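Please look at the sequence and the structure shown here, and then read the briefing that follows, which moves from single residues to the whole chain.

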Amino acid sequence: MSTDFTGKEIYQDEFDPNGYLNTYYDLKNGVLVKDGFLKFALRKLFETFIVRGIKGDLLIDIGHGPTIYQDLSACESFKEIIGADYTDRQRDYYKRSLRNEPGTFDWTEVIKSVCEMEGKGTTVEEKREKLRKTVTKTIKCDVTKSRPMDPIVLPKADCVMTLGCLECACKDLDTYRNVLKNISPLLKIGGHLVITEILNCTSYLSGGKKFSCLTLTEDFMRKAIVETGFEIIDLEVVPREYDKEQFDICDHDSSLFVAARKVKEP
């Protein structure tokens with residue numbers, strides 16, 4: 001199911017947020033719902049930001065795409081969240097989703113489940129408002145550059161989070177290692193890196209188009225993160241049950257979550 005590398009300009013020109021969200025996050029048939037990834041990610045983000053208590057002034061959400069679920073627990077633990085994504089369309093959709101504009105994906109049930117997990121009696125609208133206030137902006141970001149946010153200079157963050165992004169942005173494992181080195185300087189020493197990836201994937205379909213995906217393994221991820229100057233504090237992998245129809249859309253065999261603390265510069 002492998003395909004030629006689909007670089008950043010293809011994402012800029014051809015990636016459709018609605019097609020992606022309907023394929024992967026539809027609550028009945030979405031690939032990342034049926035395979036358990038969404039539930040897994042929400043649980044791990046809750047554990048990281050609420051239970052473990054990773055918090056601070058600034059979190060940077062890199063490669064957010066058109067989704068907002070990744071920020072629902074984080075907005076309780078950080079004074080400010082800054083989004084960052086390469087494509088104009090994704091950044092626009094993200095902003096419209098934060099405002100819950102008509103025509104954007106309906107995250108109501110997901111927000112409700114996070115509120116129930118947190119157990120504070122927060123309503124869906126209260127959570128939406130907290131998220132809107134905490135996410136102050138989204139900026140252009142190219143993780144393959146040594147200064148991903150250039151020309152914008154941000155203060156050092158307490159946390160950098162990137163969910164399901166880097167495996168799509170990198171053409172090979174060396175590029176992935178370099179990308180980790182590129183985003184590490186965005187973090188303070190002692191700050192935290194939060195990553196989710198799908199493992200052993202070669203490509204995925206979205207909006208009727210095939211996109212490449214870098215094949216990652218748990219062993220590679222462990223080594224690459226530690227070699228970049230991080231200490232892993234939490235790593236969990238969940239396997240995916242085989243389903244031919246679903247695998248024909250996206251062929252990953254498991255999902256990985258990592259939380260790591262920066263102990264030195266790369």
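Pro155 is exposed because its relative accessible area is 54%, where exposed means over 50%, buried means under 20%, and partly exposed covers what lies in between, using a 1.4 Å probe and protein chains only. This is a predicted model, in which local features need pLDDT of at least 70 and side-chain atom pairs count only at pLDDT 80 or more, while totals for chains, interfaces and linings use all residues. Residues are numbered from 1 along each chain as its sequence is written, and side-chain values use heavy atoms, with hydrogens and water left out.

- Pro155 lies in the loop between strand 3 and strand 4; here strands (E, at least two residues) and helices (H or I, at least four residues) are DSSP runs, numbered from the N terminus.
- Leaving aside neighbours within four places in sequence, Pro155 is in contact with Leu58 and Leu186, where contact means heavy atoms within 4.5 Å.
- Pro155 and Leu187 are 32 residues apart in sequence, and their C-alpha atoms are 8.7 Å apart in space.
- Pro151 also has its place in the loop between strand 3 (135-140) and strand 4 (157-163), and the peptide bond that leads from Asp150 to Pro151 is cis, with omega near 10°.

**Two asparagines with positive phi**

- Asn100, although it is not a glycine, has a positive phi of about 55°, and it is found in the loop between helix 5 (88-98) and helix 6 (108-118).
- Asn100 counts as partly exposed because its relative accessible area is 32%.
- Asn200, which is likewise a residue other than glycine, has a positive phi near 55°, and its place is the loop between strand 5 (187-199) and strand 6 (203-206).
- Asn200 counts as partly exposed because its relative accessibility is 33%.

**Arg222 in its helix**

- Arg222 lies in helix 10 (residues 218-227), and it is partly exposed, with 35% relative accessibility.
- Not counting residues up to four places away in sequence, Arg222 touches Ile232 and Leu235.
- Arg222 and Leu58 are 164 residues apart in sequence, and 25 Å separates their C-alpha atoms.

**The nonpolar cores**

- The largest nonpolar core has 50 residues, of which Tyr25, Phe49, Tyr69, Trp107 and Tyr204 touch the most other members; such a core is a set of buried Ala, Val, Leu, Ile, Met, Phe, Trp, Tyr and Cys residues joined through side-chain atoms within 4.5 Å.
- Helix 4 (residues 37-51) gives the most to this core, with 7 residues.
- Apart from this core lies another one, of 35 residues, among them Leu154, Leu186, Leu216 and Phe220.
- Once neighbours within four places in sequence are left aside, the contacts of Tyr25 include Tyr20, Leu32, Phe37, Tyr69 and Trp107.
- In soluble globular proteins, nonpolar side chains tend to be buried together.

**The whole protein**

- The protein has 11 helices and 9 strands, and 54% of its 266 residues count as buried.
- Along its principal axes, the C-alpha trace spans about 40 × 40 × 35 Å.
- Of the contacts with a separation of 6 or more, 73% are accounted for by residues 24 or more positions apart.
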